[in-house]
Amino acid sequence: MTPQPLPTLLTNLHNAAAAAGRPDPVLLAVSKTQPAEAVQALAAQGQRAFGENYVQEAVAKIEALASLGLEWHLIGHLQSNKAELAARHFDWVQSVDRLKLVTALATHRPAGQPPLNVLIQVNIDDEDSKHGCAPEDIDALATAIAAAPQLRLRGLMAIPAPWPDAERRQAAFTRMATLFAKLAAAHLQVDTLSMGMSSDYPEAIAHGATLVRVGTALFGARPRPA
């Protein structure tokens, strides 16, 4: 996929939202495996929110670019032994899927920082290879997060399976929208439904995504490991 200039992508997001009668979503630029210089270049164009998959790789960028005042989201699977680093350095963790992580993040969030914004990751297509909680586990996780003053429950995140069949893809987005509406009715601070990536963000926006995670369409194909 050929990368798009940031203004072009923002226009595309706006057009997708307008076509669906939805508000414009937040753009999260997925910068995993990208060098700090690439993040800095995008930040210079006005992009503020960046998503990372790997805690230690991200921390190096966060520290190198601290003067820019960017917003950093962890979107990759979080191992319990990395929870302290995540709690100290990120503004958002979108991949909370078990109670052990809730406890660890709350314990390690520094008292002088604002509450850590948290999304519950849902394995919406019940894929063995994907992380995320089952839909029936959302309520218990939400209750635990909401009870921790060091954390702020903001909503749900999902990575639906990339089905070639459009109806199957849309069914997953519809299920997520239903789960999100239920969560928002129970917790008034909930405002974020993170779903949709470079290949499917128009469908996600049409089904209520308030935040889309776009990497390839902004940066091009990720560099291959050496």
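Analyst: Buried means under 20% relative accessible area, exposed over 50%, and partly exposed in between (1.4 Å probe, protein chains only). The model is predicted: local features need pLDDT of at least 70, side-chain atom pairs count only at pLDDT 80 or more, and totals for chains, interfaces and linings use all residues. Residues are numbered from 1 along each chain as its sequence is written, and side-chain values use heavy atoms, without hydrogens and water.

User: Is A148 buried or exposed?

Analyst: A148 sits in the loop between helix 6 and strand 6 (151-158). Helices (H or I, at least four residues) and strands (E, at least two) are DSSP runs, numbered from the N terminus. The relative accessibility of A148 is 11%, so this residue counts as buried.

User: Which residue forms a salt bridge with K61?

Analyst: A salt bridge puts a side-chain nitrogen of Lys or Arg within 4 Å of a carboxyl oxygen of Asp or Glu. K61 is buried, at 6% relative accessibility. The closest N and O atoms are 3.0 Å apart, and the partner is E57.

User: How many residues apart in sequence are the parts that K182 and D139 tie together?

Analyst: K182 forms a salt bridge with D139, with the closest N and O atoms 3.7 Å apart. K182 lies in helix 7 (residues 166-186) and D139 in helix 6, so the pair ties together parts separated in sequence by 43 residues.
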